[in-house]
Amino acid sequence: MIITVGPGLGEDQGSMAGHCAYSNYDTNIYPTGKAVGVTALSTFFTTNPVACDCQLIDFDSQSVESNQMYVSSSVSDNVVMEVANVYQGVNVALCKSASTTGVTCGYVTFAPPVEVVGVPDVDPVTGASITRDVENLACGTLTVGQGDSGGPVYQTGYGQNAVGAAGLVSLGIGGSSSKSCWATMDEVQLADGVAVRTSAFG
């Protein structure tokens, strides 16, 4: 989850992969399991192609948010900037943290915007098999597995306990765990009308 500042009143919201749930689903923070709110509108299951595999989480309380992201099951770092598309070029080093495969690092192999055609998925309500063409991704060698979707993709090198927010894990490619794509934060911000939270609260 990467925290964003919402439109309107500027309330903070979480961000996650759009294919993980319909709207109005309860969400929890990994790895603590703490309930934080419900998912907002996702267009993943209603549009094809999908402009952004992303959706927001409306928090139950503004007291649950943080400008930090987990980089392991016990360590969180401050998000101090967004890594825009223009800085996610080929061979740029990035890492991700997610619930199944944990922290893995690699390199961008296909700079955004990338479209992946015919992505298989399952409707979370009906259980029906579906396919979607997913646009506006970046892809690289970050190892991912089932259950990693929505995990933060980030860049190190901004000082101690500081990272840049690059995107959200979306999918693996061709059955290889070391070929993956993510929705970039440029696209999350554009699709959902939000900005990445890069400052402390209070």
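In what sense do strand 8 and strand 11 pair, and over how many bridges? Strand 8 (residues 93-98) and strand 11 pair in the antiparallel sense, and two bridges link them. Two strands count as paired if DSSP finds at least two bridges between them.

## Model and conventions

This is a predicted model, in which local features need pLDDT of at least 70 and side-chain atom pairs count only at pLDDT 80 or more, while totals for chains, interfaces and linings use all residues. Residues are numbered from 1 along each chain as its sequence is written, and side-chain values use heavy atoms, with hydrogens and water left out.

Helices (H or I, at least four residues) and strands (E, at least two) are DSSP runs, numbered from the N terminus.

Strand 11 covers residues 152-155. P152 and Y154 point one way from the strand, V153 and Q155 the other way, and all are buried. Buried means under 20% relative accessible area, exposed over 50%, and partly exposed in between (1.4 Å probe, protein chains only).

Strand 12 (residues 162-173) runs antiparallel to strand 11 and is joined to it by four bridges; here Y154 stands opposite A165. The hairpin of strand 11 and strand 12 has six residues between the strands, and G157 in this hairpin takes a positive phi near 100°.

## Nonpolar cores

A nonpolar core is a set of buried Ala, Val, Leu, Ile, Met, Phe, Trp, Tyr and Cys residues joined through side-chain atoms within 4.5 Å. The largest one has 26 residues, and M69, V116, L137, L171 and V188 have the most contacts inside it. At least two residues of this core come from each of strand 9 (102-122), strand 10 (129-140), strand 12, strand 13 (176-184) and helix 1. A second, separate core has 11 residues, among them V92, A138, V144 and V153.

Contact means heavy atoms within 4.5 Å. With neighbours within four places in sequence left aside, L137 is in contact with P112, P113, V114, V116, S170, L171, C181, W182 and A183.

## Helix 1

Helix 1 spans residues 185-192, and its buried residues include M185, E187, V188, Q189 and D192. G193 follows the helix with a positive phi, near 65°.

## Surroundings of T39

T39 lies in strand 4 (residues 34-39). T39 counts as buried because its relative accessibility is 1%. Its C-alpha atom is separated by 5.3 Å from that of Y25, 14 residues apart along the chain. Apart from neighbours within four places in sequence, the contacts of T39 include M16, A21, Y22, Y25, Q55, L56 and I57.
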